Amino acid sequence: IGLSSSGSTIKDLGAAQDGLRAISMLPSLTALDLFGCHLFIHPHLSPANFTSLSSLDLGENNFSNHMIPAWLGNLTGLLDLRLGDNNLSNPVHGLFEQMTSLLRLDLWGNRFDVSFFKSLCNLSNLTYLDLSSNDLQLSIPSEIGQLSRLAALSLFGFNLYGSIPVSLGRLTKLQVLDISYTSLTGVLSEDQLGKLGELQALFLSHSFLTLNLSSTWVPPFQLQQLEMASIKVGPQFPGWLRTQKFEELDMSNAGISDAIPSWFRVLCYDISSLDLSNNNLTGNPLEFKELKNNNYRFVSLSSNKLEGSLKSFPSDISSLDLSQNFLTGEIPPPYVGQMDASTYFLKLKLDLSNNLLSGKVPLCFGSLQFLWVLNLANNNLCGQIPSSLGNLGALEILHLNGNKFIGRLPSSMQHLSNLVIFDIGDNGLRDTIPAWIGGMSSNLMFLRFQSNNFYGGISDKLCLLSSLQVLNLAHNNLTGYIPHCFNNFSMMVSSEHGSILTITYDTTNLQNYKGGNELEYSFGNLVLIKSISLSTNNLVGEIPDGIMDLAGLQTLNLSHNHLTGRISEKIGNLKRLETLDLSMNEFFGAIPNSLSTINSLSFLNLSHNSLSGEIPSGNQLQTLTDPSIYEGNSGLCGKPLPRSCPENKSPAENDPILDDKDHGEFDWLWFYAGIGPGFALGLVGFLAILLFKRSWRYAYFEFLESASDRIAAMIAWKTTRRARNFH
């Protein structure tokens, strides 16, 4: 009987209990599956009639009382018991003592302690034990060696500490051992592994173990799966691997600084999953042959020191990452072979970034219909971008940045309807920004055309990209006005984060401007970035109000253009703004006070404009104390500039502020220079009136004659009086 609800919930608990009682009356029942039913199992429910029950699955029910029902101890005939993901922490003492027939015990996702672990070691018939993802810290007990029939032991994600006991080596029937993602320390040597002759899968990744095995050691087993990521394996390439027959091998970040041996180049022909990334491997890149079973393969050799030319790769490699090496030469076309259409490139990721590759992109790349990620960034690739790339309808990430591509953007790229990341920055492309980009992909989140030779205006069609979170058109030759419709970027208007959709490709580096520098972001951080950079172009006009509606915007860089007008008071609407760069433009007027209300602002540059008035203070602006962010604005005053503003005068919004030092002498010179011409002009006007107005002329000369007589009489009187006083 299977009542598994696959995540649904049985809401009527009373009915569920009645159902369990009814089931308990079925003496011939052999298997009961109640996985994921969210049941509350009553501890006193008696299943006395489960006399034939051999398999019971109560996984993912999350029992509310955190206890294993005591009546389970009566099910002595059980062979398979599954209690995973129930948050159990208080097992009944001696619960499993009578279950001597148990072969499989699944207890993952609970909270058991080391004493409970020890009690399980008495179940001598166990062949499968899963204690992975438990919460409580404990060590592997030495009693583990008593489980002599154990074929699979999983302690994945267990908060294990301490070292691996030597008694683990007594588990001679062990085929699968998973102790990855733990805090285990110490050395794993031949003492623990030397007798595990049936071992087929060994998982050790992301622990603190050191593998100490002689390069001449011949293991008694032949592994099909080996994962040793982020543990100490090197510095030599482990020689004992030559005796194995791997299908999957992960030795990433294992501290290996050695050349890839020739015997391994043959061994890897049949490997379906290979990860040797983040080491210091040297030599030529590996060659691969097509597998006979038509399985799809994962291969990563990124972040090593491989050199030489890239070899052709077979079509059954669904993920190939050779980035961050020193590969040279041209990119070879993929070897397609005789595979039929139903198995041709199911979902391919190709990453050849950060090498020294040159030449042109093979035209046949356009036939990789299921290509999902194409990253050719930071090489020396040249020529035109092949129009055949427009056939990659499944493409979600395209990085062509950091090369030497020239010419125009192929119009065929408008058919890339699933694109999320589109980066062609740092090339020599010369074209207008085509209007068809606006209808390219409704999922497009990252658009970077920086450092090319794009010219002409920014099309309004760009505003159709409502999911856009990063727009970078900086360092081009764009002209005209900034479109007024940027408020159609709904993901920038909202303060909510976007979704990553179906992409799980975490190794993409996204370059973007922030705080005056080019920074790199991993793809996982893309949903956290909201940025517009249009710097170093020839844009004119004012900042459109539509930009002031982008409440979620974090970076706005409009520097090095010919923008003019006033900085809108609405800039205070950009509450999430962290970086604002409006330098090297022609903005005038006062800095709006609303700028001081943006508490997240950490980088500001308003230098080299024609701004005037007092610099606003308060809140976050008080922390931006570098005077250079305001330099080149002769009309600005106040802190952090050395020029203080005039006291008792509040400048009108439309009036420029003139300081005494720069303008006082200049104004007085104009005053004195105007006195002479003013006097002369007045004299000429007066004489002209006397010439043409007879009555004024007679009156004027009569006034002068009378005034001269009075002056002469006064002089004579004062002279006579002074003479008398003298004698």
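## Disulfides

C637 and C645 are joined by a disulfide, with 1.9 Å from S to S. The model is a predicted one. The torsion about the S-S bond of C637 and C645 is about 100 degrees, so this disulfide is right-handed. C637 has a relative accessibility of 5% and therefore counts as buried. C645 also counts as buried, because its relative accessibility is 19% and the cut-off for buried is under 20%.

The structure holds 2 disulfides. C463 and C485 form a disulfide in which the sulfur atoms lie 2.0 Å apart. The link of C463 and C485 is right-handed, with 70 degrees about the S-S bond. This pair links distant parts of the chain, its two cysteines being 22 residues apart. C463 sits in the loop between β29 (455-456) and β30 (470-472), while C485 sits in the loop between β31 (477-481) and α5 (490-493). Both C463 and C485 are buried. When the bonded cysteines of the protein chain are numbered in sequence order, the pairing reads 1-2, 3-4.

## Two further cysteines

C268 has a relative accessibility of 0%, so it counts as buried. C364 has a relative accessibility of 27% and therefore counts as partly exposed. The value for C364 falls between the limits of under 20% for buried and over 50% for exposed.

## The chain as a whole

The protein chain contains 7 helices and 42 strands. It has 727 residues, and buried residues make up 48% of them. The chain exposes about 34,200 Å², of which carbon and sulfur atoms supply 52%.

Contacts in the protein chain can also be sorted by sequence separation. Among those between residues at least 6 apart in sequence, 54% join residues at least 24 apart.

## Cavities

The count comes to 3 cavities of 30 Å³ or more. The second largest cavity holds about 70 Å³ of space. Its lining consists of L286, E287, F288, L310, K311, S312, F313, L320 and L322.

By residue class, the lining of the second largest cavity divides into 6 nonpolar, 1 polar and 2 charged residues. Leucine and phenylalanine count as nonpolar, and the lining includes L286, F288, L310, F313, L320 and L322. Glutamate and lysine count as charged, and E287 and K311 belong to the lining. S312 is also part of the lining, and serine counts as polar.

## Position S272

S272 is placed in the loop between α4 (262-267) and β14 (273-275). Its relative accessibility is 18%, so S272 counts as buried.

Neighbours within four places in sequence are left aside in the contacts that follow. On that basis S272 is in contact with E247, E248, L291, Y296, R297 and F298.

## Position D581

D581 is found in strand β38, which covers residues 579-581. D581 counts as buried because its relative accessible area is 4%.

D581 and L556 are 25 residues apart in sequence. In space, the C-alpha to C-alpha distance between D581 and L556 is 6.4 Å.

Notes. Residues are numbered from 1 along each chain as its sequence is written. This is a predicted model: local features need pLDDT of at least 70, side-chain atom pairs count only at pLDDT 80 or more; totals for chains, interfaces and linings use all residues. Side-chain values use heavy atoms; hydrogens and water are left out. On a 1 Å grid over the protein atoms alone, a cavity is a set of points where a 1.4 Å probe fits but cannot get out, and a pocket is an open set with protein on both sides within 12 Å along at least five of seven lines; lining residues have an atom within 4 Å of a point. Grid points are joined across faces, edges and corners, and a volume is the space filled by probe spheres set on the points. Helices (H or I, at least four residues) and strands (E, at least two) are DSSP runs, numbered from the N terminus. Buried means under 20% relative accessible area, exposed over 50%, partly exposed in between (1.4 Å probe, protein chains only). Contact means heavy atoms within 4.5 Å. Accessible areas come from the Shrake-Rupley method with a 1.4 Å probe; for residues, only the protein chains shown count as cover. A disulfide is a pair of cysteine sulfur atoms within 2.5 Å.
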